[in-house]
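Trainee: Could we go through this structure together, one question at a time?
Mentor: Gladly, let's have a look.

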Amino acid sequence: MSQVNVTINGEQIQAEKGLTILEAARGAGIYIPTLCHHEQLESYGSCRLCVVEIGAGERKKIVASCLYHISEGLVVETETEKINGFRRTILNLLMHRWDNIPAALLEKYAAKSNDRFIDNMTYCILCGLCVRYCHEVKGANVLGFIGRGTIRQVVIFPNQSAKHCATSCPDGMECLNFCPTGVISSQYYGKRPADGQTLPHAHPICINEDINILEVLERVGYV
Amino acid sequence: MARLNSVSDLDALRKDILSRRDPKKTKVSVCSGTGCRAYDSEKVIESLKSGLNTHGLNDKVDLVTTGCHGFCELGPVMVIYPEGIAYFKIKPDDVDEIITGTLSQGKVVDRLLYVDQEGNVQVKEHDIPFYKHQNRVVFGNNQLIDPENIDDYLALDGYQALATCLGSMSPEEVLETVKKANLRGRGGGGFPAGQKWEATRNAPGDVKYVIVNADEGDPGAYMDRSILEGNPHSVLEGMLIGAYAIGCQKGFIYIRQEYPLAVEHLDRAIEQMRELGLLGDNILGTGFDFEISVHRGAGAFVSGESSALMSSIEGKVGEPRPKYIRTSISGVHGCPSDLNNVETWANVPVIINKGVDWFTAIGTEGSKGTKIFSLVGKVNNTGLVEVPMGMKLHDIIFKIGGGIRDGKKFKAVQTGGPSGGVIPENMLDLPVDFDALDKVGSMMGSGGMIVMDEETCMVDVAKYFLEFLADESCGKCVPCREGITQMLHILKMICAGEGQPGDLELLEEVAAMTKECSLCALGQSAPNPVLSSLRYFQAEYEAHVNDKCCPAHVCKDLITYHIDPAKCKGCGKCLRNCAVGAISGTKKEPHIIDLDKCTKCDTCFMVCPPKFSAVTKLSGKESIA
Ligand SMILES: Cc1cc2nc3c(=O)[nH]c(=O)nc-3n(C[C@H](O)[C@H](O)[C@H](O)COP(=O)(O)O)c2cc1C
Ligand code: SF4
Ligand code: SF4
Ligand code: SF4
Ligand code: SF4
Ligand code: FES
Ligand code: FES
């Protein structure tokens, strides 16, 4: 594989052609925050926390590092004042969906909730990690999205679940491990997950918040 | 119809059609577009048909049912050629007089003529200010063509441009021509079409696609619908020329489900092309093969975005996808795909037929040709208008649009659709030009133009557009989904009188992030209505936040209704019309509004006779005084 030269935060780095900026940076030990990225899955570009500045002078531009591929001579800045300001705003906004964002992340970007924002505490940041894991790795398509805009949410398709969950994930719900907020393993989608806790047989649900996940899973014969 | 096996076959067919037509013969063009149909143009056409029959005029008069003429608010619309007499708001009952008067004796039916606000009457279409200042390069043929009859298109040099390209130009020459014409995309971004074609042409791969974007999700815009309904072949011809230049054999038309008439005419047009051998293998015997499939979109605003549209064509969810690799390199099924807007495609045959020099003589340095706008809002004349690029906003609004309704004052114009921006009065000299509009924080977009008068609240306007965008955001990425939600929430609070110091800065902070960090152009442009109104109407925002005052008297929570005792003559009209009984008073004495009961329905304000105008709305400090 051919190598290309890139400059990240002033540091000259050689990395494999075809990598994303994020992969190249991580390979060189440079931190870029992410919430919707996982190395097992295709990049999705939804959280935008990974934005970086590329280019120089007039032609500077902001791109999502998990999606943008490196090329010879690319110049990248990952922690400019502008970028960190955007990350702060993104986290400020997300706090009104997910009020237990890891403290380290909040502190790093001095993010804080703002009482001028309206709360929509679903604890699901719609990062799509669960949906994509189920689809890309398991080929099961048990999970999906419905709705547009603010009412977009993750759903489980019970018929698909009955067909696939037990065979695709015999040792327990693998998608659980991918949820950054832990909401997927709380008993009700949209309820605050207990800190650091996961239910052994819980699953993301559901079009209707009042549906008990365990009941649905029982109905479809999962538990 | 016999298949055309060569360019000369096409020429022969055209000659034959023209030989059977007499340009001096009376031709009645009646609009049967979606707008006029809503005013029962179908019935008018039926009466005309039977009337011409009973009066034995079938041989003397040609009746053409056409697509939109542009002046839909005065529909049903009719033009009688060769004189060019224009009639408006025609009822089936008027038809008899048109036949016995105008068509039989050349007598004009006065009451169907156009009358402007000052009472000036115009007989001829080209004397009517709404039409006079337009330059209808793309749209003009609409009223001469029955969209279901390919002969009408052929009679007006239809498919001549295609024949020229296939018969005597190499694909490279066609590409060069479009590049030299500097045709820029009419669907939103204004990207040079030739450059996009070239990128697609040069991209590696044997299978390539051309696509027509007829999703037209911008509320209030209907130019693409009107072109497809009225002159579908112009778009199809443009598409074929593009396909030839790029080197593809397959095209898609992505059209919204809600355009049944356009779909019908498109399907019919494609069928006719196939019969003539203008589609399929070996078109005009030149070895060029091309196929088209029509794709109906579900009609979400975001599905018009290029990557979402392509996902949708692939049968996937119509959601934008990351696009650092351009769709001209990797589009539908990973193949190089060129996407252009309906109006962009319709310009292509014009450029080939009339030449680069002719085309580039119209417009400005950076924006060539014409642009169709959907002129709506508080102007006297609304409709579809096609103007040369570079025309001043002022001229569009005041010359073509006839100025502001009811003698009110102009306040602002929103161009570029819901994610465009507002432009204030002191910038009305601005030319319509891609770059000039961008520079002031708005955009050309697909050509929406909403005119607002002094009774419009700019905070309310920003809120309105953000409401639309909040519904239409696909919800995939955080900046757009959360950013629009919170900006909208703040705007709602400001309009409700709950604005606080710092709100405007917060709006700016969120807007800047949303603009820079969103995944697709919907999110990237969504802050425009907020940022542009903040930029040009900051004082109005401040009045809302600091003084709890809505200067335009629009925001319900910030106004109260009062009756001016000096003006009220006690006619009692308001009292009788107030649904909640908030008004009291004895006859011929000034009336009073009980503010505790008043629901601010605006009824009394509307019904109080203009000669009294005793009901007033007060806001902020006004109401305290
Ligand atoms: C949210 C969104 C909606 C869009 N809707 C349309 C549309 O309805 N029609 C259209 O032609 N272009 C639309 N566009 C622009 C297209 O993405 C694309 O730029 C255009 O079709 C390219 O054609 P053009 O270069 O000929 O303008 C939209 C873009 C965005 C971001
Ligand atoms: S449930 Fe968890 S993993 Fe799935 S989209 Fe929501 S936050 Fe992401
Ligand atoms: S910017 Fe808006 S419409 Fe575009 S991908 Fe993000 S959420 Fe969807
Ligand atoms: S605004 Fe409506 S409710 Fe209030 S006084 Fe007038 S008519 Fe009655
Ligand atoms: S309608 Fe006007 S003039 Fe008549 S009583 Fe009411 S406020 Fe007075
Ligand atoms: S990690 Fe790149 S957008 Fe989420
Ligand atoms: S639909 Fe008849 S003029 Fe527009």
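**Ligand and interfaces**

Mentor: Ligand 3 is surrounded by 13 residues, the closest being C474(B), K476(B), C477(B), C480(B) and C520(B); a residue counts here if one of its heavy atoms lies within 4 Å of the molecule. This is a predicted model, where local features need pLDDT of at least 70, side-chain atom pairs count only at pLDDT 80 or more, and totals for chains, interfaces and linings use all residues. Residues are numbered from 1 along each chain as its sequence is written, chains are lettered from A and ligands numbered from 1 in the order in which they are written, and side-chain values use heavy atoms, leaving out hydrogens and water.

Trainee: By class, what does the shell around ligand 3 have?

Mentor: Ala, Val, Leu, Ile, Met, Phe, Trp, Tyr, Cys and Pro count as nonpolar, Asp, Glu, Lys and Arg as charged, and the others, Gly among them, as polar. Sorted that way, the shell of ligand 3 has one charged, four polar and eight nonpolar residues.

Trainee: How much area do chain B and chain A bury between them?

Mentor: Buried area is the accessible area (1.4 Å probe) that two parts lose on being put together, summed over both. In the contact (heavy atoms within 4.5 Å), 35 residues of chain B meet 31 residues of chain A. Carbon and sulfur atoms carry 59% of the buried area, and the total is about 2900 Å².

Trainee: Which residues meet in a salt bridge at 2.5 Å, N to O?

Mentor: We look for a side-chain nitrogen of Lys or Arg within 4 Å of a carboxyl oxygen of Asp or Glu. That rule finds four salt bridges across the interface of chain B and chain A. The pair you want is R97(A) and E482(B).

Trainee: Which helix gives the most to the side of chain B that touches chain A?

Mentor: Helices are DSSP runs (H or I, at least four residues), numbered from the N terminus. On this side of chain B, α18 (458-472), α19 (478-495) and α20 (503-517) each supply at least two residues. With 10 residues, the top contributor is α19(B).

Trainee: Which three residues supply 62% of the area that domain 1 of chain A buries against domain 3 of chain A?

Mentor: An automatic or database assignment gives the bounds, with domain 1 at 3-79, domain 2 at 80-121 and domain 3 at 129-220 in chain A. Domain 1 and domain 3 of chain A each bring nine residues to their contact. More of domain 1's buried area comes from these three than from any other three: Q40(A), L41(A) and Y44(A).
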